[in-house]
Amino acid sequence: MTLADLLLRGRWWILAAFALLAVTLLLFAPRFEINASAETLLSEGNRDYLQARQVQQRFPSEAFVLVAYAPKGRGLFSDQSIADIRELTHRLADLPSVASVRSLVNVPLIPADASAGLRDDFDPDAWLLDRRDNSPEALRQTLEGHPIYQGLLVNKDLSATALQVLFRSEPALDRLHAEMLDIELLRLNG
């Protein structure tokens, strides 16, 4: 008798066993939960994780969002678009949870070929939009193909820009995180 014959003879028993297994799994499914938080994925006392948190605490990254602005029916560098970006920058900066806003109107717009002109007495404010030639053609020449600005500050076809909205940190929350890290390190180091 072959294996195929055995499976064929006992097919009803096999189907019944699978049905019983499926019913059992369905009964326990509501109690099944997955906790995939960082605390459960990393073992308690993980030295590498704690060291990474120490570095993050010492060199924190700022929380931010990017707001895209693409004018309709006019160029990105038109007077009206620049006025819109300036107003949006100020309105976003006035929000209570916002620390600062970086945009086309308040970052130094240094041409890619200006590296030879960067000296010890370099003044980044001299390259702000309000202090330089801000004609649409001059802005296009500065930003087009720029290795830093194109793709970050403006898109490739220079039809949209991004405003980076940086949020304030919460000192009380930062202190709590620091205390938690200190406690974990004390537990780890004995």
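## Basis

The model is predicted: local features need pLDDT of at least 70, side-chain atom pairs count only at pLDDT 80 or more, and totals for chains, interfaces and linings use all residues. Residues are numbered from 1 along each chain as its sequence is written, and side-chain values use heavy atoms, with hydrogens and water left out.

## Sheet

An open sheet is built from three strands in the order β1-β3-β2, with antiparallel pairing. Strands (E, at least two residues) and helices (H or I, at least four) are DSSP runs numbered from the N terminus; two strands pair if DSSP finds at least two bridges between them. At the edges are β1 (64-69) and β2 (98-102), each pairing on one side only. Neighbouring strands are turned by 25 degrees against each other on average, direction ignored.

Six bridges join β1 to β3 (residues 161-167) in the antiparallel sense. Axes are lines fitted to C-alpha atoms, for helices over the stretch in contact, and angles run from 0 to 180 degrees between N-to-C directions.

Helix α6 spans residues 136-143, and A138, L139, T142 and L143 in it are buried (under 20% relative accessible area, with exposed over 50% and partly exposed in between; 1.4 Å probe, protein chains only). Seen down the axis of α6, these buried residues fall within an arc of 120 degrees, so they line one face of the helix; the arc is that of the directions from the helix axis to the C-beta atoms. The buried residues of α6 pack against α5.

G145 follows α6 and has a positive phi, near 70 degrees. L158 lies in the loop between α6 and β3. Its phi is also positive, near 55 degrees, in a residue other than glycine. L158 counts as buried because its relative accessibility is 4%.

## Largest pocket

The largest pocket holds about 580 Å³ of space. A pocket is an open set of points on a 1 Å grid over the protein atoms alone, where a 1.4 Å probe fits, with protein on both sides within 12 Å along at least five of seven lines; lining residues have an atom within 4 Å of a point. Grid points are joined across faces, edges and corners, and the volume is the space filled by probe spheres set on the points.

Of the 16 lining residues, Q56, P60, S61, D174 and H177 are the closest to the pocket centre. The elements giving two or more residues to the lining are α4 (47-58) and α7 (171-189). The most come from α7, with five residues.

How values were computed:
Contact = heavy atoms within 4.5 Å.
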